[in-house]
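Dear colleague,

Please find below the structure that I am handing over to you. My notes on it follow directly after.

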Amino acid sequence: MGEVKSVLWILLFLLGLAGVLLPVAYLYHASKLPQLDSEYDVEKLLKNSIEGERMSLVVGLMVKPDRPITFTRPDFARLPKDLVALYITQMGCPTYFQTPREDGVAWAWRLLVGATVNARPGGDGRCERLLAARIAMKLGVNESLPLAVAINKIHASLQKDQLIAYDLAITSFERGVVGVEDVAYKLFGKELDRLQLAELAELQLALPPHNYYRALKTCQNAAIIKQNRDYMLTQLVELDLLTDEKARNAIAQPVSCMLRR
């Protein structure tokens, strides 16, 4: 009995110590980060970073770039819904918009185990964390504990749909080509809202987790591109995120890069 009491006292002591040290560590790392307390803060930092990257590319060019260098606030309402469905499915969270935002103890536990033992608990909160982490890393935050603090702040500043919109607006493909608007123009020669379903599925292959941008740009392995594109469309049908008729019509289309040859 005495040994059990000793173990309990040790556990209580450790819990109390953690209750003091964790808030102190959080506040310390938060003080080292740029201000991330609102969407405005996040947008401003991303704007400075991305516009600086684009400006460094066009400085000295005699020819005016074909895309604006300005970074505008990401707007979820402007994203093609089929692209969003493809994106959340390929992230492994097809029910992302059918589940409530993760908060409270579950969210705190996710951040803690992610920062300390690099574990990834299941659930759609996993994708919320992933999206916030990508935004934080775009701002140059990479170390484990500061990243956990930045993830928490960004998650608190952005709703679930905004996390998607910001992530799709900041993904880098090559120097100066940032976000789905840029990559749509680069790969297909037209604006994102003019892409057909088959093209949106090919665009998804340029995004994480596939990252086929180079292959799509050079039309390398067109047969594999079509195979993967068609499989993703079939997945959407199986998940009731796309009608069978729309999928069949898209699958019947050739790979876009083959038409440009």
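A disulfide is here a pair of cysteine sulfur atoms within 2.5 Å. Residues are numbered from 1 along each chain as its sequence is written, and side-chain values use heavy atoms, with hydrogens and water left out.

Disulfides

The whole structure contains 2 disulfides. One of them joins Cys93 to Cys127, with an S to S distance of 2.1 Å; this link is right-handed, with 90° about the S-S bond. The pair connects distant parts of the chain, 34 residues apart: Cys93 lies in the loop between α3 (81–91) and α4 (104–116), and Cys127 in helix α5 (residues 125–138). Helices (H or I, at least four residues) and strands (E, at least two) are DSSP runs, numbered from the N terminus.

Cys219 and Cys257 form a disulfide with their sulfur atoms 2.1 Å apart, and this link is right-handed with 65° about the S-S bond. Here too distant parts of the chain are linked, 38 residues apart: Cys219 is in the loop between α10 (213–218) and α11 (222–238), and Cys257 is in helix α13 (residues 256–260).

Cys93 and Cys127 are buried, as are Cys219 and Cys257. Buried means under 20% relative accessible area, exposed over 50%, and partly exposed in between (1.4 Å probe, protein chains only). In sequence order, the bonded cysteines pair as 1-2, 3-4.

Overall fold and core

The protein has 13 helices and 2 strands. Of its 261 residues, 45% count as buried. Among contacts (heavy atoms within 4.5 Å) between residues at least 6 apart in sequence, 67% join residues at least 24 apart.

The largest nonpolar core has 70 residues, and those with the most contacts inside it include Leu79, Tyr96, Ile135 and Ile164. Such a core is a set of buried Ala, Val, Leu, Ile, Met, Phe, Trp, Tyr and Cys residues joined through side-chain atoms within 4.5 Å. Not counting residues up to four places away in sequence, Ile164 touches Phe76, Leu79, Tyr87, Ile88, Met91, Tyr96, Phe97 and Leu131.

Aromatic pairs

A search of the whole structure finds 3 aromatic pairs. Tyr96 and Phe97 form an edge-to-face pair, 4.9 Å centre to centre with 90° between the planes. Rings of Phe, Tyr and Trp (its six-membered ring) pair if their centres lie within 6.5 Å; planes under 30 degrees apart count as stacked, over 60 as edge-to-face and the rest as tilted. Tyr96 counts as buried because its relative accessibility is 0%, whereas Phe97, at 38%, counts as partly exposed.

Phe173 and Tyr213 form a tilted pair, 5.5 Å centre to centre with 45° between the planes. Phe173 lies in strand β1 (residues 172–174) and Tyr213 in helix α10, so the pair ties together parts that are 40 residues apart in sequence. Phe76, Tyr96 and Phe97 form one aromatic cluster.

Confidence

The mean pLDDT (the predictor's confidence in each residue, from 0 to 100) is 86, and 84% of the residues reach 70 or more. Over residues 7–22 the pLDDT is below 50, and this stretch has 2 contacts in the model beyond near neighbours in sequence. Where pLDDT is low, the predicted coordinates should not be read in detail.

With kind regards

How values were computed. Predicted model: local features only at pLDDT ≥ 70, side-chain atom pairs only at ≥ 80, totals over all residues.
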